[in-house]
Amino acid sequence: MTTTQNETGNSGDFAPVLIRAAAAETTRDPSSVMTLLADSRDTGGRLTSYRSTFAEGAIGAPAHLHTRASELFYVIDGALQVLVGEEITVLEAGDFLLVPPHTPHAFAAAPGATADVLFVFTPGAGRFDYLRLLGRVMRGEADPQEIKDSSERFDNHYVDSPVWREALAARV
């Protein structure tokens with residue numbers, strides 16, 4: 001089974017996408033491993049999907065929002081602490097969350113837990129390049145300014161959240 005790609009990566013037909021676990025690309029930072037499954041180029045722009053496994057105490061993402069994409073979280077195992085708007089909750093194995101565009105959100109492994117989470121963005125947004133860049137920044141191989149400069153390209157806009165800052169401060 002193969003995939004087809006078009007030049008824009010955001011329209012047209014696409015072939016079925018099959019990613020074998022042993023062949024999936026991974027990227028990592030000091031506290032998580034991201035398994036890249038299907039990017040927008042593979043899905044005619046319809047979605048992007050990856051799986052992240054977070055170590056205990058791992059901070060997944062600071063408060064941010066997407067202007068074009070909805071973000072889906074499905075917790076496979078463990079527990080994920082999430083901010084949605086100004087509310088913090090814990091998702092456990094089997095829980096599903098869909099965050100619409102323009103909604104501030106953040107996530108981290110729940111206190112005292114690890115987390116294994118499937119992420120899906122729809123429409124797709126070429127997120128794999130963002131995840132690779134994020135890994136390089138977290139490992140000290142790239143300048144954090146590159147993340148700030150890429151906000152429009154990857155539809156990832158960081159926002160201030162006193163609620164999330166307070167929740168993270170309580171973790172230590």
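Arg 139 counts as partly exposed, at 36% relative accessibility; buried means under 20% relative accessible area, exposed over 50%, and partly exposed in between, with a 1.4 Å probe and protein chains only. The model is predicted: local features need pLDDT of at least 70, side-chain atom pairs count only at pLDDT 80 or more, and totals for chains, interfaces and linings use all residues. Residues are numbered from 1 along each chain as its sequence is written, and side-chain values use heavy atoms, leaving out hydrogens and water. Helices (H or I, at least four residues) and strands (E, at least two) are DSSP runs numbered from the N terminus.

**Salt bridges**

- The structure holds eight salt bridges, a salt bridge being a side-chain nitrogen of Lys or Arg within 4 Å of a carboxyl oxygen of Asp or Glu.
- One of them joins the side chains of Glu 25 and Arg 132, at 2.6 Å from N to O. This pair links distant parts of the chain, since Glu 25 belongs to strand 1 (residues 25–29) and Arg 132 to helix 1, 107 residues apart.
- Glu 25 is partly exposed, with a relative accessible area of 35%, and Arg 132 is also partly exposed, at 22%.
- Asp 129 forms a salt bridge with Arg 153, and the closest N and O atoms are 3.2 Å apart. Here too distant parts of the chain are linked: Asp 129 is in helix 1 and Arg 153 in helix 3, 24 residues apart.
- Asp 129 counts as partly exposed at 26% relative accessibility, whereas Arg 153 counts as exposed at 56%.
- Arg 139 forms a salt bridge with Glu 141, with the closest N and O atoms 3.2 Å apart. Glu 141 is exposed, with a relative accessible area of 52%.
- Through salt bridges that share partners, Glu 25, Asp 129, Arg 132 and Arg 153 are joined into one network.

**Helix 1 and its ends**

- Helix 1 has twelve residues and reaches 16 Å from its first C-alpha to its last, close to the 16 Å expected at 1.5 Å a residue; the expected span is 1.5 Å times one less than the number of residues.
- The buried residues of helix 1 are Arg 127, Phe 128, Tyr 130, Leu 131, Leu 133, Leu 134, Gly 135 and Val 137.
- Pro 123 is found in the loop between strand 9 (115–122) and helix 1 (127–138). A cis peptide bond joins Thr 122 to Pro 123, with omega about -5°.
- Gly 140, which follows helix 1, has a positive phi near 80°.

**Positive phi outside glycine**

- His 102 is not a glycine, yet its phi is positive, at about 70°. His 102 lies in the loop between strand 7 (96–99) and strand 8 (105–109), and is exposed, with a relative accessible area of 54%.
- Asp 155, likewise a residue other than glycine, has a positive phi near 50°. Asp 155 lies in the loop between helix 3 (151–154) and strand 10 (157–158), and counts as buried at 1% relative accessibility.

**Nonpolar surface patch**

- Tyr 74, Ile 76, Phe 96 and Leu 98 form a nonpolar patch on the surface, with about 380 Å² of accessible area together; the areas come from the Shrake-Rupley method with a 1.4 Å probe, and for residues only the protein chains shown count as cover.
- Strand 5 (70–84) and strand 7 are the elements that give two or more residues to the nonpolar patch.
- Patches are made of residues with over 30% relative accessible area and no salt bridge, with like charges joined within 9 Å and nonpolar side chains (Val, Leu, Ile, Met, Phe, Trp, Tyr) within 5 Å.
- Ile 76 has its place in strand 5 and is partly exposed, with a relative accessible area of 35%.
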